[in-house]
Amino acid sequence: MTTGPAIATPPRHRAVELDERFGDPWDDRNPLGHAAVLDADERAELLSAGEAMLDDFGLGAEYVPSSLGGRLDCLDQLIEIMRTVFRRDPCLGLGHGTSTLIAAVNVWTGGRDAQRRAIADLLLANGKLACGYYELAHGNDLGRVALTALPHGDLLRLDGGKEVISNLERADAIVLFARTATVPGSRSHSQILVDRAALLASGGVAYLPRFGTAGMRGVQLGGVVLRGCDVSADSVLGVANRGLETALTSFQVTRVALPGMFLGILDTGLRTSVRYALSRVLYGRRVADLPLTRTVLAEAFADLLVCDCIITTVARALHLLPREASVTTAAAKFLVPRLLINAMNRLASLLGASFYLRRGEYAIFQKLLRDLPPASFGHLARVAAQMTMLPQLPQLSRRAWRAHEPAPAGAFTLDGPLPPLPFEKLALAAGGQDHLTGSLVAIDQALAVGAGAAGELADSDRHALRELTARFVSELGELGEACGALVHGELSTGASAESYELTARFSAVLGAACCAGVWWHNQDREPFLRDPAWLVAALGRLAARLGPPPPLPEDVAARLFAELAARHDTGHGFDLVNRPLPGWQRSASRQSNTAER
Amino acid sequence: MSDPAFERLLTELAAGVGPFAPAQIAELDRREAFPADACRALDEAGVSRCYVPVRYGGRLERFPELVTLWRAIARCDLTVAVAHGKTLLGAISVWIAGTPKQAARLGGEIAGGAVVSWGLTERGHGSDLLAGELSAVRTATGYRLDGEKWLINNATRGQLISILARTHPAGGPRGFSLLLVDKRRLAPGSYQCLDKELTHGIRGADISGIAFHGAEVPADALIGREGDGIQIVLEALQLTRTACVGLSLGAADHALRLAAGFATQHWLYGRRLDQLPHARRTLGQAATALLVAEAVAEVASRSIHALPGELSVSSAIAKALVPTLADELIGLLGELLGARAFLTGVYEHGAFAKLERDHRIVAIFDGSTVVNRNALINQFPGLARAARTSRCDEAGLTVAATLGAPLAEFDPKRLQLISASGCTVVQALPRAIAEAREHVESGAIPAEIGELAVQLGVAAAEVQAELAATSPSLRDVPAASFALAARYELCFAGAACLQLWLRNVGRATNAAGTTTAALWRDALWLEASLRFVVARLRLGAVGAASGDPVHDRIADALALHAWPAAFSLLPDPSRSASAT
């Protein structure tokens with residue numbers, strides 16, 4: 001970067017800076033390249049050179065709010081920075097940082113000032129946290145965790161255990177989710193924030209053997225049995241017995257953030273597939289020249305854009321409409337991991353035998369595929385997200401889905417300024433508020449009459465888009481009817497599969513709102529983002545979740561493929577912000593023959 | 001071989017420290033070690049002889065039994081099934097085109113424990129066989145081989161390997177020949193086995209290659225005539241692709257057993273997981289997918305005997321659809337298992353994660369899903385023509401769908417590269433629908449099933465109309481044709497279910513065995529399968545993901561099932577023993 005007036009030349013984006021440090025992924029001599037990442041995976045070790053680099057970058061500061069001296073201002077920025085890591089090595093992303101983030105957000109949300117200060121200082125010095133919620137016997141059912149932390153004299157006595165916890169044995173501090181009152185109900189749990197060394201000193205701590213996994217092999221997953229470990233009573237995070245609330249609100253931040261980071265897997269999976277298609281010759285021509293290949297790649301690109309629209313919008317809306325985040329983040333958690341997994345499976349079939357090999361040019365793909373499932377089942381599974389949405393649907397149907405108030409434009413504006421993350425405003429329920437689908441209705445109406453950005457469109461494009469948006473608006477109407485009629489017994493864990501399905505349908509509509517909003521509110525960006533082609537593809541992918549899949553129009557497929565190939569050749573990210581990735585640019589420039597098409 | 005005695009043997013081998021014990025299997029996978037003990041146990045049980053036709057001294061008589069056999073092995077471990085079963089693939093060209101002398105000799109070798117491999121693919125060419133570079137040049141005494149085959153199952157372990165070699169420098173459809181190479185008789189230094197490749201799944205299997213450097217083989221290594229190689233391979237693939245779906249069925253059985261077992265042990269929100277409605281739906285949908293896949297496998301494998309001239313179509317359908325359904329149901333059940341599908345040491349030695357990785361190879365090898373759909377697309381004009389004339393081989397169809405019907409000895413001479421009669425199973429749908437409606441009118445089955453059959457017929461007619469409107473293009477096959485091929489596969493699946501029910505209802509309802517009887521009662525499995533197929537035809541796989549209440553009743557049948565037997569609609573697992 002050259003020096004210049006700060007206003008005229010904005011500082012280089014930290015995601016770009018971080019990508020530069022990772023270097024050329026396909027250079028076998030690069031200690032942070034694919035070859036090194038794959039070797040570490042084979043040894044089930046975290047890439048130590050990667051950890052050192054991230055420490056040097058000061059990744060821990062990205063998790064700390066600016067008000068506490070860190071660099072966390074906008075959630076979408078944090079996601080983009082971590083996506084840079086996940087593009088290279090999801091193990092590094094999860095093992096170096098994400099588990100720290102989940103625990104830290106508990107502290108930002110529920111902790112006392114002194115606890116926040118202490119954890120901020122720890123993270124600013126590259127310290128690590130472990131997040132101890134999970135018990136194998138209880139899975140998503142947080143209310144039934146068996147670990148207890150009950151008063152014992154002036155102290156709290158821990159009894160029970162935790163399993164499958166990242167970095168348990170190397171974290172500086174641990175957040176443990178425990179039952180702290182014996183009465184039944186939702187006010188009987190707390191987070192216990194303990195210094196790991198102090199916990200060990202209390203005696204009665206026995207680590208379990210490390211858990212082996214099919215993916216994320218480098219991440220150290222540990223377990224612990226705690227037998228009568230006494231810790232200081234002020235270890236309770238924030239207010240005692242409000243732990244379930246703290247969990248359910250702070251998870252809103254991380255359950256959109258994590259799938260947004262995992263999106264980096266599809267970015268690299270797609271890039272690997274494009275690389276394969278452009279270089280492999282079958283039946284006398286490049287695989288990329290087969291129409292099916294172009295469609296598969298274009299659809300995977302559309303899936304990636306759908307995911308990013310949802311992630312970016314929901315993350316930004318968390319700043320602007322925090323009260324609605326219980327629903328919006330649950331929809332993101334439900335939909336995005338499934339879209340990512342489906343897209344990667346489809347790409348695997350394109351790669352064929354090349355995906356099945358653990359050595360060679362495309363070997364990174366099978367690792368990424370193995371690393372992906374925790375996006376879906378980890379950090380409370382998709383079905384738990386459905387359970388968060390379901391009881392809220394009747395109220396949404398009576399309020400928001402009748403009022404149709406649109407969200408502020410800032411929820412959709414890429415890179416736009418945001419107020420600080422309002423941890424204190426996150427709520428257990430949205431109270432019937434849902435401005436994102438309000439935006440969908442507004443855009444649908446504008447498309448109908450050719451107002452605003454819709455006025456710039458050719459009539460055929462406008463009609464094609466309107467046809468799609470109208471499908472989702474009409475689905476919202478039908479959802480309103482169905483959800484308004486839900487009886488009480490259909491709103492809890494024992495609800496019928498049909499009721500659960502309503503949350504899936506709602507998620508698809510919310511996803512469409514995010515896509516339409518991103519297109520509508522970024523008409524001042526580059527031509528590709530302004531072009532309705534990607535939106536037609538994106539809405540089509542979501543429409544397939546509600547009814548017969550609309551075929552991808554050939555011109556749209558061609559437009560998407562051309563963009564994909566261009567970004568591959570110039571080393572740009574495939575996500576919405578389309579930023580240059582200096583490390584990937586180096587491999588792109590080394591690969592010679594792909595430019596001509 | 002698909003008899004209860006063999007099933008019992010497998011159960012014994014899976015106990016304690018037996019070679020199929022889950023802990024052993026997991027450990028071999030971790031070390032990427034070949035499952036030699038398990039393969040030896042199968043050899044000792046005479047399984048290899050099931051790869052040799054009766055007329056050449058073996059026990060291979062009916063291909064549906066081979067499907068059942070591989071399914072049973074794959075249910076224990078897919079890696080073993082792939083590693084052991086390869087010998088059939090290696091030998092099949094000889095059964096099709098070899099001389100009786102060649103075939104008898106090879107039959108003897110296999111009965112004696114020889115491993116035979118099949119060398120088709122080469123580095124950089126994948127499924128594009130006509131791009132193969134390995135050459136066989138005629139010499140005074142036979143052929144001289146140069147070049148390499150790569151990503152070959154058992155290339156290193158096998159004593160024999162059938163090699164597709166370029167025998168005319170210009171290549172082309174008549175430019176290749178098949179040679180049965182006996183590695184033990186090659187001059188030292190004239191060949192070299194390539195390193196084992198590290199793979200995503202089937203980690204213990206010998207996936208390697210072989211390179212020839214002027215290797216001399218005798219003239220009698222030639223299988224069939226010079227120049228016949230591609231034709232023989234394409235015929236052989238019709239058989240192997242059909243048989244390979246047994247691997248998918250076994251993996252699906254295994255996945256279903258693991259998930260159903262977990263769901264009855266795990267409690268969530270104060271209820272047992274299998275009693276939570278959404279989990280019950282998931283289990284029911286996955287089980288239904290397996291029944292549909294089984295119906296396709298059964299009709300397709302019986303078609304090897306009953307409708308051999310249509311095998312170019314039915315094998316492509318089976319190999320495209322069944323592994324796809326299995327991959328999907330594994331994904332669905334994996335989500336139900338959550339962390340237990342990911343952790344390798346917590347539940348059943350990580351068997352689910354292993355089978356998930358292992359099974360992904362089935363949709364790739366022996367012609368990938370795309371390759372098979374492309375093969376089907378190439379036959380669109382013929383399928384459209386046959387649909388127009390409503391051609392049906394009624395006699396063949398009856399045998400293909402009647403479970404106890406005697407199967408004629410398989411005759412390789414009846415194989416055709418292009419089906420002249422289209423696809424009888426699909427073309428006979430209107431008749432089958434009419435029959436189903438008669439059953440409705442007689443009160444034998446609920447009216448909904450008749451309605452579903454009609455919907456299937458409507459969808460099939462639409463698909464057939466689209467086939468007719470598709471202009472053939474061998475080079476620039478549009479993506480829409482692949483989607484159309486996938487829908488044609490579903491039409492076949494629905495039609496296969498209908499035929500199986502119609503031809504066996506009288507016989508099957510009396511079948512013993514709790515699960516199977518429950519599946520046939522009130523035509524439950526037929527209703528569930530048709531709902532599954534029709535929803536997919538209408539909404540696509542993603543849109544149909546929510547399933548239907550009838551799938552909950554399949555889950556109820558699943559809950560009664562006595563594992564480790566397959567969850568199956570086929571009335572009697574030992575039917576092959578009783579049928580003649």
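Two residues are said to be in contact, or to touch, when they have heavy atoms within 4.5 Å of each other. The model is a predicted one.

The largest nonpolar core has 372 residues, and B:Trp95 is one of the four that touch the most other members, along with B:Trp70, A:Trp108 and A:Trp534. Helix α7 of chain B, residues 229-265, supplies the largest share of this core, with 20 residues. In soluble globular proteins, nonpolar side chains tend to be buried together.

Chain B as a whole contains 21 helices and 10 strands. Its radius of gyration is 23 Å, which agrees with the value near 25 Å that a compact globule of 580 residues would have. Along the principal axes, the C-alpha atoms of chain B fill a box of roughly 75 × 60 × 45 Å. Of the contacts in chain B between residues at least 6 apart in sequence, 78% join residues at least 24 apart.

Buried residues make up 64% of the 580 in chain B. The accessible surface of the chain is about 19,900 Å², with 54% belonging to carbon and sulfur atoms. Chain B carries 56 positive and 58 negative side chains, and the centres of these two sets lie 2 Å apart.

Methods:
Residues are numbered from 1 along each chain as its sequence is written. Chains are lettered from A and ligands numbered from 1 in the order in which they are written. This is a predicted model: local features need pLDDT of at least 70, side-chain atom pairs count only at pLDDT 80 or more; totals for chains, interfaces and linings use all residues. Side-chain values use heavy atoms; hydrogens and water are left out. Helices (H or I, at least four residues) and strands (E, at least two) are DSSP runs, numbered from the N terminus. The radius of gyration is taken over C-alpha atoms; the globule rule is 2.2 Å times the number of residues to the power 0.38. Buried means under 20% relative accessible area, exposed over 50%, partly exposed in between (1.4 Å probe, protein chains only). Accessible areas come from the Shrake-Rupley method with a 1.4 Å probe; for residues, only the protein chains shown count as cover. Lys and Arg count as positive and Asp and Glu as negative; His and the chain ends are not counted. The place of a charge is taken as NZ of Lys, CZ of Arg, CG of Asp or CD of Glu. A nonpolar core is a set of buried Ala, Val, Leu, Ile, Met, Phe, Trp, Tyr and Cys residues joined through side-chain atoms within 4.5 Å.
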